[in-house]
Amino acid sequence: MKRALISVFDKTNIVEFARELDQLGWEIISTGGTSAKFKAEGIPVMDISDLTQFPECFDGRVKTLHPNVEGGILAIRDNEMHQKQMKELGIEAIDIVVCNLYPFKQTILNPEAGHEEIIENIDIGGPTMLRAAAKNYKFVSVITDPKDYDTVIAELKENGSTSFETKELLAAKVFQHTAHYDALISNYFNTKLDIKSPDTITLTYEKKQDLRYGENPHQKASFYAQIKETEGTLTAANKIHGKELSYNNIGDTDGALETLKEYTEPTIVAAKHANPCGIGSAPTIAEAFKKAYEADPVSIFGGIIASNREIDAATAEIMSSIFLEVIVAPSYSAEALEILTKKKNLRLLELPEILKTGYSTFKARTVLGGLLIQEQDQELFNDELKVVSERQPSEREMEDLIFAWKAVKHAKSNGIAIAKNLTTTGVGPGQVSRIWALENAIRQGGENIKGSAMASDAFFPFGDCVEAANEAGITAIIQPGGSIRDQESIDLANKYKIAMVFTGMRHFKH
């Protein structure tokens, strides 16, 4: 008689699966709550303690860790020595193992769970059985996902056994599952003990969706979500209208979202290729959108819009006249949805916690053969801004300097952001020369640049940027400082009566 060992925490469809096995003539062995459930449903079952001849003990911590279990799973059926030892030791083969694990993920996601409860939800026997069965998949079918029950039953009914191909796929799922499980435990301890750079690291994410393709149609791509602290991130957004998000949509929207989180007043961020191209803050979100649009009406075409306030009808009316790829906002009024949903391809994302900040997370980037990891850039500037010029910035200039500094933090390096009246008048991202970035930003803003404040993501190695700023009519500059030629820039600022502020902190974004 074929035998199946079933021990599951998630009991979804397990009774139906066990009943099918019973009707096919299989003997069922089970543990604890699973065994009790089968008995209550009238399904014949052997308790694990009858198999091991040893009681479950230590509050269920030990029940399947026994040679009669592991031997029955791991014995190689076509190995004569193994078969001989099985007879000598009285071990019978186990042909199917069905197991899913203690809910460690659900426990760490529960804000009320303490350390002791979390530790008790680390499964030991379950992963051991799963790995044993997956290692011996040539002879043992192993199931950890309830969605696979129907496949196994269908093959048993048709062929009397599970196909080799199915067994191999099931084994692969097991090792993915246990690796994910162990990574959650490892990451929990790293967080608890504040271990930021362990000697080895295993990152684990769960698939949110497959994408049509990556940056280009010939590249495959998928979107994965981290396990904790997803509120206010793109992985928690609800798509309420429009086409599926593409790889580029997700990357660009994330760039807009990161920038938006710098601002608390009603603000719109327009982004292209993850760089801010227009940012506006105002008393109402409609005014903020008008500012962001007028900051760069060319680049916003086919761009991304992020809003930190509800999209109302007035804002939606303006938006609907422009080709946009994605809008992400905390909510939409009914009237706004009626207007925007007329554009069938426009993706509308709802993200209620859009203002949430302060993630204790990291940034990761793959390189050929490796991985770079760093802390998230959550700072803005050092505790005290230092005015290094003879002229102090006015109150309005200081507001615009900080506004521009927030913008340039999220522009690719070398980056320049120029702002006036809480609106970007020019953004120059991603140039190999800082002066080129400034020239591009000035060219973009045209006459609007006059009277603006300028931010540079890193210090000036030469005085050329101050010269160019003066020629364009820029009246105030904010930059990190720290160059051996700082004095050259300060002297030029004094010469042209430009206010200059040092932050003491740079924001490279490569």
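How many bridges join β9 to β10? Six bridges do, and the two strands run antiparallel. This is a predicted model, where local features need pLDDT of at least 70 and side-chain atom pairs count only at pLDDT 80 or more, while totals for chains, interfaces and linings use all residues. Residues are numbered from 1 along each chain as its sequence is written, and side-chain values use heavy atoms, with hydrogens and water left out.

**The sheet**
- Six strands make up an open, mixed sheet, ordered β8-β13-β12-β11-β9-β10; strands are DSSP runs of E with at least two residues, helices runs of H or I with at least four, numbered from the N terminus.
- At the edges lie β8 (238-241) and β10 (275-281), each pairing on one side only; a pair needs at least two DSSP bridges.
- On average, neighbouring strands are turned by 20° against each other, direction ignored.

**The β9-β10 hairpin**
- Two residues separate β9 and β10 in their hairpin, and H273 in the turn has a positive phi of about 55°.
- V269 stands opposite I279 in β10.
- Seven of the seven residues of β10 are buried (under 20% relative accessible area, with a 1.4 Å probe and protein chains only).

**The parallel pair and the helix**
- β11 (residues 303-307) and β12 (residues 324-329) pair in the parallel sense over four bridges, and A306 has V328 in β12 as its bridge partner.
- Helix α12 (residues 285-295) packs on the sheet and touches β9 (267-272), β10 and β11, with contact meaning heavy atoms within 4.5 Å.
- The direction of α12 makes about 140° with that of β10; axes are lines fitted to C-alpha atoms, for helices over the stretch in contact, and angles run from 0 to 180 degrees between N-to-C directions.

Key
Buried means under 20% relative accessible area, exposed over 50%, partly exposed in between (1.4 Å probe, protein chains only).
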